[in-house]
Each structure stands twice: as structure tokens, then as C-alpha cells.
Amino acid sequence: MRAAFLALGLLLTACASAATTPAGQTTTQTATEPPSLSDILAQSPASDWGPLDPNNTLYMDLPAGRVVIALSPDFSPQHAANVRALAHANYWEGAAITRVQDNYVTQWGRPEEAPPHAMGDAVADIAAPEYFRPVGDLPFTRLPDPDSYAAQTGFTNGFWAGRDGRGNTWMLHCYGAIGVGRDNPPNTGNGAELYVVIGQAPRHLDKNLAMVGRVVQGMELLSALPRGTGPLGFYEQADQRTPIRSIRLAADVPAAERTNLEALRTDSATFRTVIESRRFRRESFFVDPVGHVNVCNVQLPVRPIAAH
């Protein structure tokens with residue numbers, strides 16, 4: 001009798017399901033996955049993206065391929081202008097990657113034994129260190145989460161930014177960030193030697209060096225190089241270095257040879273959705289959705305510009 005009642009119950013349940021399900025369809029009980037990062041970007045409007053400025057884009061051509069660098073004129077404007085002038089003067093002809101320190105930085109410049117090269121309109125000395133600047137009217141998409149090194153963190157015109165709550169802002173040392181190498185005196189860097197962060201973000205360097213940009217494509221060409229065996233990761237032999245074929249402003253490169261990319265605007269609604277998707281990880285893999293994020297762990301998406 002008990003088995004009969006159980007069978008009847010199952011039959012009624014099946015009938016009820018059939019009555020509420022359109023013909024030819026079956027119901028599933030699997031939970032809906034939240035949109036992935038690629039889904040969010042695919043659904044974004046074109047107005048949330050902007051092309052890289054060719055006057056603020058560098059192409060570093062290496063034997064293994066091209067690294068694309070977006071320069072920022074916002075945080076260290078004199079240093080960024082000097083880097084542009086050096087690129088325009090082809091200053092890095094005969095330059096090389098001279099240092100790769102594991103979990104820290106890759107650095108490049110003209111080796112000491114290289115012949116001197118004209119600097120064009122660049123200057124040899126920049127009096128102002130430019131480690132931070134007044135906030136002024138710079139836009140700021142702020143993260144709500146606390147940070148160990150800055151009172152506020154967020155994003156300004158496509159770059160990671162910190163603020164102290166007293167009117168100052170600066171670019172952060174996140175993975176892919178590019179800074180100006182210097183000696184111990186604060187004003188000894190002019191952009192002739194640059195480095196890129198290739199490891200866990202060394203945020204203790206924030207406000208101690210001038211920051212001029214970030215790598216937007218080709219990061220693997222700089223992060224996967226053999227590590228230097230000398231002090232601080234410098235190469236001990238000239239043949240260990242990676243030669244640099246050229247570093248040019250995109251504006252100086254013929255249109256047919258350019259790498260045309262666009263970046264997601266960090267003041268856009270899509271980017272705010274990206275932030276929340278990184279703060280709350282609701283994918284099925286995560287047991288704990290976390291609910292906060294480090295500023296350096298928020299992707300800054302870049303994609304090829306679709307051909308028309």
C-alpha cells in the first residue's frame with residue numbers, strides 16, 4: 001500500500017510538471033552561472049571602450065615579438081613627455097634588457113658600453129621627482145575596499161591609482177606597471193632606463209619612483225625571460241641580454257604596421273561591473289565569494305579594434 005501511495009505521488013508530481021512546462025521542453029535544476037568576465041566584455045557597448053592614443057603608445061619590438069605600452073601623461077607628466085621624446089629620437093637603438101629579477105622587475109636601457117645616442121628633444125635632467133601629484137580634476141573610480149598602502153585606491157584614465165585623502169594621487173606598482181629607473185638621489189631618473197613589474201605588486205615602491213605607463217599587450221615577452229644571475233637580477237654577460245630592436249611611438253609607425261587596440265574605459269558602467277565581478281566571486285568554483293579585492297587584482301581589459 002505504501003508503495004502504491006508513493007507511486008501515485010510521483011505520478012501527480014510528473015503530471016504537474018508536464019502541465020507547467022511548454023511542450024517539447026524539459027526542465028533542469030542546475031543553478032545559473034553568473035556572467036564570466038568575457039561575457040561582461042562581450043555585452044559591453046562600444047562607447048565603453050576607447051582606442052589607445054598613438055601619441056601615448058609605445059611599441060617595443062623584441063626578437064620574440066612586440067610589447068605594446070600605454071603611457072600615462074597624468075601622474076608623472078614630465079617623465080612621460082621625456083619618454084615620448086626619447087622614443088621619437090630612436091634613443092633605444094642598440095639598447096637591451098639588462099635586468100630580470102625574479103618576482104620583481106624587468107629593466108631595460110642602453111648598456112654602459114653602448115655608444116652614446118642623441119636624446120632629441122628629451123632632457124638629461126628632470127628637476128621634479130614627480131612621485132605624486134595633486135588630484136586636481138582627474139577622474140577616479142574608487143574601490144570600496146581597504147588598502148595597506150593608500151587611504152583610497154581605484155582607477156584613473158585606465159591606470160591603477162592611489163590617493164591619500166589629502167589631495168594627492170599617484171600610480172600604483174601593479175603587475176605590468178612601468179616606472180622610471182633612478183639612482184639614490186630622487187631626481188636622477190629621466191626615463192632613459194625603464195622597468196616593468198613582473199611579480200607580486202611591490203607596493204612599497206609607490207611614491208618612490210616616477211610611474212609612466214603600463215604594458216597592455218606582450219607582457220609574456222618580458223615576464224618569461226631568463227632571470228639575471230648578478231646582484232638585483234642584472235645580467236653578468238652581454239650575451240645574456242635581450243636586444244631591443246626598437247622602441248617607437250605608435251604615431252611614428254606607419255598605419256599598416258600598428259597594433260590597433262582599444263581599452264575599456266575605467267569610468268564606464270561596464271568597468272564597474274567588472275570590479276564587482278572580481279569583488280564577489282560567484283562562479284561555481286568558489287566556496288567563499290570573498291567580497292573584496294585588491295586594486296592590483298582588477299583586470300584592465302584591452303582588445304583588438306575590430307576591422308570594418
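**Before you look: how the parts are named.** Helices (H or I, at least four residues) and strands (E, at least two) are DSSP runs, numbered from the N terminus. The model is predicted, so local features need pLDDT of at least 70 and side-chain atom pairs count only at pLDDT 80 or more, while totals for chains, interfaces and linings use all residues. Residues are numbered from 1 along each chain as its sequence is written, and side-chain values use heavy atoms, with hydrogens and water left out.

**View 1. Gly-230 and Val-100 are 130 residues apart along the chain.** Let's start in a loop: Gly-230 is part of the one between α4 (220-223) and β14 (242-243). This glycine is buried, because its relative accessibility is 12% (buried means under 20% relative accessible area, exposed over 50%, partly exposed in between, with a 1.4 Å probe and protein chains only). Look for Val-100 as well: its C-alpha atom is 9.7 Å from that of Gly-230.

View 2. The structure has 3 aromatic pairs (rings of Phe, Tyr and Trp, its six-membered ring, with centres within 6.5 Å; planes under 30 degrees apart are stacked, over 60 edge-to-face, the rest tilted). Distant parts of the chain are linked here: Phe-155 belongs to strand β8 (residues 152-156) and Phe-271 to helix α5 (residues 269-279), 116 residues apart.

**View 3. Phe-285 and Phe-286 form another edge-to-face pair.** Their ring centres are 5.4 Å apart, and the pair is edge-to-face because the planes stand at 85°. With 70% relative accessibility, Phe-285 is exposed. Phe-286, at 30%, is partly exposed.

**View 4. Two arginines sit over aromatic rings.** A charge counts as sitting over a ring if NZ of Lys or CZ of Arg is within 6 Å of the ring centre and within 35 degrees of the ring normal. Find Arg-110 over the face of Tyr-91, 5.6 Å from the ring centre. Then turn to Phe-159: the charged end of Arg-214 lies over this ring, at 5.8 Å from its centre.

**View 5. The side chain of Asp-206 reaches the backbone of His-173.** Asp-206 is in the loop between β12 (194-197) and β13 (211-217). How accessible is Asp-206? Its relative accessible area is 6%, so Asp-206 counts as buried. A polar atom of its side chain is 2.9 Å from the backbone nitrogen of His-173.

**View 6. Asn-157 and Val-290 both have a positive phi.** As background, most residues other than glycine have a negative phi. Asn-157 is not a glycine, yet its phi is about 50°. You will find Asn-157 in the loop between β8 and β9 (159-163), where it is partly exposed at 43% relative accessibility. For Val-290, phi is near 75°. The loop that holds Val-290 runs between α5 and β17 (302-304).

Technical notes. A polar contact is a pair of N or O atoms within 3.5 Å; within protein, one must be able to donate a hydrogen and the other to accept it, and residues adjacent in sequence count only if both atoms are side-chain atoms.
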